[in-house]
Amino acid sequence: KLASREFNPTDTLIRVSDVVIGGNKVVVMAGPCAVESREQMLETAHAVKAAGATMLRGGAFKPRSSPYSFQGLGEEGLQYLALAREETGLPFVTEVMEPQMVPLVSQYADMLQIGARNMQNFALLHAVGEAHMPVLLKRGLMSTIEEWLMSAEYILSHGNNQVILCERGIRTFETSTRNTLDISAVPVLKQLTHLPVMVDPSHATGKWDLVEPTARAGVAAGADGLVIEVHPRPEEALSDGPQSLKPERFAALMTSLPAIAAAI
Ligand code: PEP
Ligand code: MN
């Protein structure tokens with residue numbers, strides 16, 4: 001298998017402008033769940049840049065559980081992300097939800113995100129496999145590590161070897177957190193694959209006050225980076241406010257990471 005350590009014993013490094021993912025630095029992708037307005041995106045981008053984030057994140061096309069929830073700004077959202085990149089110098093990742101949208105999203109983004117709900121959307125995996133773009137492949141809500149790696153295989157086998165895996169929690173019987181962060185997925189993946197591994201403690205926990213400890217655990221477990229939701233006013237967020245960090249909390253989290261990364 002193309003994703004396996006047997007096929008490629010050395011860690012894959014993925015370059016996104018001047019960011020290297022999979023090296024010995026912890027990459028932090030931060031930003032709002034959804035791009036809500038020009039002001040919200042720019043304010044968040046400047047705040048996370050000041051705190052030391054290496055990339056921006058933000059959804060323009062949102063896979064919401066309810067059709068009545070905010071669905072994202074679409075292409076307008078991509079334009080605000082591009083503006084945020086211009087102002088901060090940070091590249092960005094954003095979700096693409098359907099194969100037909102891959103060309104449009106690729107025109108703006110530096111990295112394509114495949115959301116948890118689309119991990120086994122094979123037509124979409126095929127489409128991003130033909131794109132010349134890094135892909136952040138989130139773990140499906142109910143997916144085993146083996147299924148997840150087979151989804152990565154769809155992308156790799158269509159010619160795109162720039163895949164990053166993102167553990168974002170899975171469904172279990174536990175209801176204290178939105179999902180259950182499978183922290184052991186990080187070392188398990190490190191054994192099985194040469195692809196970089198990230199952790200998203202925001203979606204894994206669903207609660208802002210659990211983001212910092214689980215983010216730290218992700219780094220301690222050997223993750224190559226983190227995906228963190230940040231909103232300047234979480235109480236007003238159009239999606240995922242309860243799990244979004246205020247910029248000050250995000251900055252505090254950032255200062256705690258180097259010591260953990262240095263210790264492993
Ligand atoms: C997101 O990153 O905003 C998102 C929708 O994540 P997931 O697909 O992991 O639920
Ligand atoms: Mn979200």
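1. Let me start with a working term: a residue counts as near a molecule or strand if its C-beta atom, placed from the backbone, lies within 6 Å of it. On that basis, ligand 1 is surrounded by Cys 33, Gly 59, Pro 63, Gly 115, Ala 116, Arg 117, Lys 138, Arg 168 and His 203. Sorted by class, this shell holds 3 nonpolar, 3 polar and 3 charged residues. Here Ala, Val, Leu, Ile, Met, Phe, Trp, Tyr, Cys and Pro are taken as nonpolar, Asp, Glu, Lys and Arg as charged, and the others, Gly among them, as polar.

2. A word on what you are looking at: this is a predicted model, in which local features need pLDDT of at least 70 and side-chain atom pairs count only at pLDDT 80 or more, while totals for chains, interfaces and linings use all residues. Residues are numbered from 1 along each chain as its sequence is written, and chains are lettered from A and ligands numbered from 1 in the order in which they are written.

3. Buried stands for 20 or more other C-beta atoms within 10 Å of the residue's own, exposed for 12 or fewer, and partly exposed for anything in between, with C-beta atoms placed from the backbone. Helices (H or I, at least four residues) and strands (E, at least two) are DSSP runs, numbered from the N terminus.

4. Leaving aside neighbours within four places in sequence, Ala 152 is in contact with Ala 3, Leu 137, Val 163, Leu 165 and Leu 195. Contact here asks for C-beta atoms, placed from the backbone, within 7 Å of each other.

5. Helix 4 (residues 122-129) also deserves a look: Leu 124, Leu 125, Ala 127, Val 128 and Gly 129 are buried there. Their cover includes helix 3 (102-108), strand 6 (111-114), strand 7 (135-138) and helix 5. Val 128 counts as buried because it has 27 C-beta neighbours inside 10 Å. Beyond four places in sequence, Val 128 touches Val 96, Val 102, Leu 112, Ile 114, Val 135, Ile 155 and Asn 160. From Val 128 to Asn 160 is 32 residues along the chain, and their C-alpha atoms are separated by 7.6 Å.

6. Helix 9 (residues 247-263) has 17 residues and reaches 26 Å from its first C-alpha to its last, close to the 24 Å expected at 1.5 Å a residue; that expected span is 1.5 Å times one less than the number of residues. A kink of about 25 degrees lies at Leu 257, shortly before the proline Pro 258. The bend is the angle between axes fitted to the seven residues ending at a position and the seven starting there. Phe 250, Leu 253 and Met 254 are buried in helix 9. The buried residues of this helix pack against strand 3 (27-31), helix 1 (38-50), helix 8 (208-220) and strand 10 (225-229). As background, an α-helix has 3.6 residues a turn, so residues three or four places apart point the same way.

7. Two residues in the loop between strand 10 and helix 9 are worth a click. Ala 237 lies in that loop and is buried, with 20 other C-beta atoms within 10 Å. Not counting residues up to four places away in sequence, Ala 237 touches Pro 32, Cys 33, His 231 and Ser 244. Asp 240 sits in the loop between strand 10 and helix 9 too, and counts as buried because it has 20 C-beta neighbours inside 10 Å.

8. Finally, please check two backbone angles. Most residues other than glycine have a negative phi. Asp 240 has a positive phi of about 55 degrees, although it is not a glycine. Ser 17 likewise has a positive phi, near 45 degrees. Ser 17 belongs to the loop between strand 1 (14-16) and strand 2, and counts as exposed, with 12 C-beta neighbours inside 10 Å.

How values were computed. Contact = placed C-beta atoms within 7 Å.
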